[in-house]
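Here is a short walk through one structure. Keep the model open as you read.

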Amino acid sequence: MSKVKTLGQFIIEKQSDFPYAKGEFSRLLRDIGIAAKIVNREVNKAGLADILGEAGETNVQGEQVKKLDIFANEQFIAALTVGGEVCAIVSEENEEIITVDNPQSKNAKYVVAIDPLDGSSNIDANVSVGTIFSVYRRTSLSGPGTIEDFMQRGTEQVAAGYVIYGSSTMLVYTTGRGVNGFTLDPSIGEFCLSHPNIKMTRSGKTYSINEGYYVHFQDGVKKFIKWCQEEDKATNRPYSSRYIGSAVADIHRNLLYGGIFIYPTTAQAPKGKLRLLYECNPLAFIVEQAGGKASDGTKRIMEIDTKALHQRTPIFIGSADIVEMAEDYMRKYAAVEVKG
Ligand code: AHG
Ligand code: MN
Ligand code: MN
């Protein structure tokens with residue numbers, strides 16, 4: 001008998017951790033896994049899209065060739081809608097919430113926030129991209145979900161995860177009891193448990209930030225970057241700089257090796273670039289569950305009040321000691337700026 005444990009088997013085993021769930025939650029995770037496999041199939045042949053789409057953007061089956069982020073959006077929405085466990089979805093690709101109102105969703109208890117394809121500017125260069133998702137229990141009582149269902153803090157998430165379409169494809173998720181990673185085995189078409197109980201080191205030696213925007217950073221960020229570059233044997237500095245430009249890929253690497261990922265405020269993005277609901281909160285939940293930290297520079301990401309679907313926040317996320325050091329710099333130099 002093989003020792004391989006598939007995502008499906010793992011979910012069923014863990015179902016008893018959720019006495020209230022009665023299988024709905026397990027089915028929801030299963031639906032996300034199915035959509036991820038379909039998106040993975042398309043991402044894997046992304047370079048062929050132009051060939052298939054030569055004749056007026058139409059492929060050999062006569063279907064419109066779609067940009068992959070639109071395709072991914074449709075796949076996840078379809079899987080979650082048909083699955084029947086979700087009463088509303090918020091997606092990066094849709095301005096408004098998508099309400100789910102069909103017979104099988106009558107008793108749906110959950111809402112999902114999703115970034116269907118993260119790092120999509122990397123797709124044509126064959127560089128890793130991802131999907132990020134976050135699950136909340138609905139706060140409304142019945143019928144289709146509402147915007148208010150999403151106005152919850154990150155601390156209320158019941159699950160969060162990402163899929164990384166990289167040199168291999170992985171699904172990493174948490175339900176608040178640690179973090180587990182599954183690698184897709186293409187030969188059997190199943191996500192298999194490969195990274196049980198992922199733990200992040202308290203420190204690391206990588207910092208990930210788009211330094212091209214250095215001139216637009218606040219003083220605290222600039223001084224923290226300089227600290228990362230200083231020589232100090234005891235703290236393994238200078239750190240290495242690594243920036244892929246797909247938050248999922250950058251954070252996945254740092255989750256495994258230790259380090260910090262920062263997307264701060266800049267002159268062009270005064271509130272930061274990344275979105276609270278479907279990028280920062282789910283990534284924060286995973287990193288915290290692995291023993292790391294996620295902050296907006298002064299406070300915990302998951303305690304930020306959600307006021308809008310596509311709300312942005314600056315983010316400092318990764319190994320606990322390094323995030324705390326970055327927070328120290330942000331506080332210290334914010335105080336200096338105020339004093340003038
Ligand atoms: P998306 O593709 O979902 O719009 O997200 C891209 C995000 C994130 O993944 C990445 O870390 C960041 O944008 C990169 O932005 P810069 O090019 O400004 O560094
Ligand atoms: Mn994104
Ligand atoms: Mn996206």
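The residues that line the largest cavity divide into 7 nonpolar, no polar and no charged. This is a predicted model, and that holds for everything below. Which residues form the lining? They are Leu7, Ile11, Leu29, Ile32, Phe133, Leu171 and Tyr173. The volume of this cavity is about 30 Å³. The count of cavities of 30 Å³ or more comes to 1. Empty space of this kind shows up when a probe the size of a water molecule is rolled over the atoms.

Now look at the elements around the cavity. α1 (7-14), α2 (24-44) and β6 (169-174) each supply at least two residues of the lining.

Start with α1. Its residues Leu7, Phe10 and Ile11 are buried. Seen down the axis of α1, the buried residues fall within an arc of 100 degrees, so they line one face of the helix. The general rule is simple: an α-helix has 3.6 residues a turn, so residues three or four places apart point the same way. What covers this face? The cover over the buried residues of α1 includes α2, β6, β7 (179-185) and β8 (190-195). Two of these elements, α2 and β6, also supply residues to the cavity lining.

Move on to helix α7, residues 276-289. This helix is mostly covered, with 12 of its 14 residues buried. The buried stretch includes Leu276, Leu277 and Tyr278. Further along, Phe285, Ile286 and Val287 are among the buried residues. Glu279 is buried as well. After α7 comes glycine 291, with a positive phi near 100 degrees.

Which residues coordinate the manganese ion (ligand 2)? Asp115 (OD), Asp118 (OD) and Glu279 (OE) do so, at 1.9 to 2.2 Å. Along the chain, the donors of this ion follow the spacing D-x2-D-x160-E.

The manganese ion (ligand 3) lies 3.7 Å from the manganese ion (ligand 2). Aspartate 115 coordinates both ions.

Are these aspartates buried or exposed? The cut-off for buried is under 20% relative accessible area. Aspartate 115 has a relative accessible area of 0%, so this residue counts as buried. Aspartate 118 has 5%, so this residue is buried too.

Conventions: Residues numbered from 1 in each chain as written. Chains lettered and ligands numbered in written order. Predicted model: local features only at pLDDT ≥ 70, side-chain atom pairs only at ≥ 80, totals over all residues. Heavy atoms only, no water. Donors = N, O, S within 2.8 Å, 3.2 Å for Na, K, Ca; no water. Buried < 20%, exposed > 50% of the residue type's maximum accessible area, 1.4 Å probe, protein only. 1 Å grid on protein atoms, 1.4 Å probe; cavity = no way out; pocket = protein on both sides within 12 Å on 5 of 7 lines; lining within 4 Å. Points joined across faces, edges and corners; volume = space filled by probe spheres on them. Helix = DSSP H or I, 4+ residues; strand = E, 2+ residues; numbered from the N terminus. Nonpolar A, V, L, I, M, F, W, Y, C, P; charged D, E, K, R; others polar. Arc of directions from axis to C-beta. Contact = heavy atoms within 4.5 Å.
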